[in-house]
Amino acid sequence: MAQRTQPIANDPAGNMQSGARIALIGMLVNVVLAAAKISAGLFGNSYVLIADGIESALDIAGSVVIWGGLKFAARPPDETHPYGHGKAEPLAAAIVAMGVLLASIGLAIQSVREIFVPHHGPAPFTLVVLIVVVAVKEILYHVVIRLGKNVESTAIQTDAWHHRADALTSVAAFVGISIALIGGEKWYSADDWAALFACAVIATNGFRLLLPALQEMLDTAPRGEIVSKIQQAAASVAGVVNVEKCLVRKMGISFYVDLHVGVDGAISVREGHHIAHLVKDAIKQTDARIADVLVHIEPAI
């Protein structure tokens, strides 16, 4: 016997909308910062700043994808998507992570070329631009990562680490430009080496962001205490003899539960049906992110 709740619009949908708004704000900030860094790099003879600006420009595209994915994932379940549209969220995160990896490879190739090409040293004013960028990006990172962790959204956390990666590349750019300015002409290539280091940071973040997105799309069992809490809630219901299976999968920032509970085999179908509803209600009370519960009633051995 199985009972399934009807999909409902719960708190996770509102969290998706909040994440989409944060992504939109981040996108607008990236537009301004990318333009400032690329312009400063061109006029200030700094390839690392140009590379940093290009990375920010790619972040704009990433924020667009994240924003679109979160907006789509927030849609309620329908006939063709009975489990909702939550998979759009890790899909958006995976697309952005792949874009980050490809960007790091392209920028690394160009950085290596620039190391062997003589060029003018960077201008001192580029350091001021980088200080502003690091401050803004760190603020954005802390705001977005807090939201992403609170709602356990892969896409929102991916967007947050975009801001952190941008801040780290800007720090690398600051160090490289500073060395070039202090060391003089013999150290002008420090700017390009810093760009290469920035590419390594970008690639590392790309890999780190891609793995959880792929795991979620493959329905990897969620980590943390949520499974044990569900089992405890089910076992606490009067009439439940044992809990044999407990399968949980993450859909966006919502969770769907499928579990088998053993009851006295001598009770009526109506009584088993009632116990199934009690189990379902008890489980949903453990976490607002649990959108649906499927309870299988079996005779306990």
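Here are some notes on this predicted model, with helix α5 as the main topic.

1. Ground rules. Local features need pLDDT of at least 70 and side-chain atom pairs count only at pLDDT 80 or more, while totals for chains, interfaces and linings use all residues. Numbering starts from 1 along each chain as its sequence is written, and side-chain values use heavy atoms, with hydrogens and water left out.

2. Overall layout. The protein has eight helices and four strands (DSSP runs: H or I of at least four residues for helices, E of at least two for strands, numbered from the N terminus). Along the sequence the pattern reads β-α-α-α-α-α-α-α-β-β-α-β.

3. Burial. Of the 301 residues, 49% are buried (under 20% relative accessible area; exposed is over 50%, partly exposed in between, with a 1.4 Å probe and protein chains only).

4. A nonpolar surface patch is formed by Ile131, Val171, Phe174, Val175, Ile179 and Trp187. Patch members have over 30% relative accessible area and no salt bridge, and nonpolar side chains (Val, Leu, Ile, Met, Phe, Trp, Tyr) are joined within 5 Å; a salt bridge is a side-chain nitrogen of Lys or Arg within 4 Å of a carboxyl oxygen of Asp or Glu. Helix α5 (residues 154-183) gives the most, with four residues. Phe174, in that helix, is partly exposed because its relative accessible area is 31%.

5. Arg164. This residue also lies in helix α5, but Arg164 is buried because its relative accessible area is 18%. Leaving aside neighbours within four places in sequence, Arg164 is in contact (heavy atoms within 4.5 Å) with Glu138, Tyr141 and His142.

Terms used
Patch = residues over 30% accessible without salt bridge, like charges linked within 9 Å, V, L, I, M, F, W, Y side chains within 5 Å. Areas by Shrake-Rupley, 256 points an atom, 1.4 Å probe, with all protein chains shown as cover.
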